[in-house]
Amino acid sequence: MESVLTRRNIALVALLAFLVAFPYLYRIQPFNQVLDPFRTFQVTRLAIWLVILLGLNLLTGYSGQISLGHGALVAIGAYTTAVLMHEFGVPVVFAVLAAGLFTGAIGFVLGVPALRLTGPYLAIATLAMMLALPQILKLNGIREWTGGVSGILLSTPRAPAVVEGFMTDRQWLYFACMTPAVIMAVLAWNITHSHTGRAFIALRDSEVGAQQMGVNVPLYKMLAFSLSAFYAGIGGGLFVFTEAFMSPDTFDVNLSITMLVMVVLGGLTSIAGTVFGATVMTFRNDLVDLSASLGLLGLPGKIVPGEEQSSETLRGALYGLLLIITMVFMPRGFVGFVDELRGRAPWRRAARMFLRGRGGDADPALDATSDHAE
Amino acid sequence: MDISRRAGGNFLIRALALALFAAGLLGAVSCTSEEDGGDGGASPGVSDTEIVLGTHFPLSQHLAAAYSPIATAGMKGYFDYINAQGGVHGRKIRLIVEDDHYTPSDTAEVVRKLVEQDKVFAVIGGLGTATHSAAANFLVERGVPDMFVLSGAAKFTDPVVKTRFGGNPDYITEGKILGQYIAKEHPDAKVALILQNDDFGADGERGIREGIEGSGVEIVAREAYESLETDLTSHVQRARNEGADLLVAYTLPPQGANVAKVAREVLNWDVPIVVTGVDATDIFISLAGAENAEGVISVVFGKQAYQTDDPGIQKHAEIMKTYGGGAEPSNLTILGQAMGELMVEALQKAGRDLTRDKLIEATESIRGFRCTICLVPVNFSDSDHRPFEVEVYVKVEGGKWVEFGEPVGFESTPE
């Protein structure tokens, strides 16, 4: 009985309730001060980024395979969905699932070169894939399906008649993306806490060691790629569903690199970290706006004279700096950093001692976000 | 044990209360029939004193320098100038420029923000083909006027969409005009096309082919390059090997300049070069070097910043100095002001009692409007949403684009 009533479970129920209520909150005081349908759209995007970044974290964080070409897999998923919906009139649910499976299969095949390539070489190979894909999509042979350079324009997604009156189109999209995102997050949590997840981590820490422990290295490597690609495919499918437009330029190298930055920033090998990364990914423009309005971006201009005008262009440098800071000072990402802080905070320690002193089991919430996987 | 259980109980009650609260909200708000999207009043973005407009541009990263002055100096500066004169029908124009990094997914996002959060009256001068494609349908659906799209892709104006108007000349029309020049001046030319591998290049090619139809001009080579390539040496070389004796470039200025430079400097090849109007900019000449650019042919619809004895350009320089943040007058600021002048003209015609429908109607009624810095008049009608269908040939002479000949083109708006 009490195992169900842990603080963590209750927190999860509350979170779920919040997620359900979120797209309606903007109509109510005082939430309408900060929320509007546009925020609902942004959080819908957040759900999609979460699915995509979860896949990248499974590959890069858990299995230690660096990929700079995740955007290519997302694009494949998006194109599969778009072509299925546009050319064959497949309903969106099946189109997205098929895109996930198809992209997963491609990921499995892509795992083959990864068996021979490690570290920077793998990164270069995946980067090459990212660079090649737009050209492939523009090939004349498949133009009939992909629409070449003009891309594919889908009809705007509408809420089905069943939910009319309860939801606007925007709210419908929110639920259509948030539901799979939550399912995929739970799935990722379960995978990483299973035999498979432990095999991935063994693989990351030492391939030889993993082999010694009886992990089938080639199989698990390809499985990691495949799972990651499955997430990318689903994410891409949801993306094109909400966006109703896909072109070869939609996912570029920059975006792929930004994804990797966000995963590292949030915390490799952490689901909570991925949620954080997806949040930053979604609101990164707002963050730059915010730091600009606070005058933070003007700082370089004050240091380097004559650079005032172009301080906005320092976004790329900002990401790089964040990445270096993360690597040096918070190797486990933001979530790991918070964890450490919490562990060190005096009141936390006191609380733990108090609970231990009373002979009770340690407060589960204290461990809730700590890194179970390690 | 005791403690955690008691705490758990409290939490459960709170969570239940929260869930109930949420359910209550759901029930309460689902009954309201209010439509979201901010189309509440007849004219969002219009108050007694203000008209709010929005646009999307790359303000950071690599393309910012190449495009952002159109919006941040040209359009904004001109609107501020108009505001200083008392605005349009007593209303000041406020332009919100959002940074989309020239990335389609970001454009989709910032345009939604403009419509739903900033509640703009209209979008003006949205830049880029792929980028604007990601937002165009959304704008149509919300009935937001999509004024003067800064993309030459023909798909934005053909077929005509009621709420959308083109900005710069479309590449098919422009290609036709250039093709006609080639057919007339080089009737036996063997042409090599150097094209950016996207809509821009494809539309240009279509226009050129239509322009040379029926003449002795032959296309002997077609070289497509990816927009990330900046060194086109191998493409120019292949064009020469194919026996071309005239180059046509549908490229952005850096690549176009590279073509001229490679042909003249590297290959020492004195071949006539015809480039898209996109390249007819000062930056093209400075990148290629005045020597290499000499004799390059293109088309323009606006005046050039160096024509400082022209009253329109003089005024433009003044406006940029006072209201455009001191921006140096260039093709970019001129293009921005041209879009601004068109918008102000449309708003003037729409009247004080401003609605989106009236703006569309007023824009369609614009005939023979010549902005102060344009070389050719603008005509719209309900079947023609293309502003510039007539252009003027220019040739690089002594490091400057110099007009020659009569304006050429196709006007689809009947008199």
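**View 1. A network of salt bridges links R45(A), E243(A) and E109(B).** A salt bridge is a side-chain nitrogen of Lys or Arg within 4 Å of a carboxyl oxygen of Asp or Glu. By this rule there are 27 salt bridges over all chains. The model is predicted: local features need pLDDT of at least 70, side-chain atom pairs count only at pLDDT 80 or more, and totals for chains, interfaces and linings use all residues. Residues are numbered from 1 along each chain as its sequence is written, chains are lettered from A and ligands numbered from 1 in the order in which they are written, and side-chain values use heavy atoms, leaving out hydrogens and water.

**View 2. K138(A) and E226(B) form a salt bridge, with their closest N and O atoms 3.1 Å apart.** The pair crosses between chains. K138(A) lies in the loop between helix 5 (119-137) and helix 6 (143-146) of chain A, and E226(B) in the loop between strand 7 (218-225) and helix 7 (233-241) of chain B. Helices (H or I, at least four residues) and strands (E, at least two) are DSSP runs, numbered from the N terminus. K138(A) is buried at 10% relative accessibility, and E226(B) is buried at 14%. Buried means under 20% relative accessible area, exposed over 50%, and partly exposed in between (1.4 Å probe, protein chains only).

**View 3. D339(A) and R332(A) meet in a salt bridge (3.8 Å, N to O).** D339(A) is buried, with a relative accessible area of 13%, whereas R332(A) is partly exposed at 28%.

**View 4. D118(B) and K113(B) form a salt bridge, the closest N and O atoms being 3.0 Å apart.** D118(B) is partly exposed at 23% relative accessibility, while K113(B) is buried at 16%.
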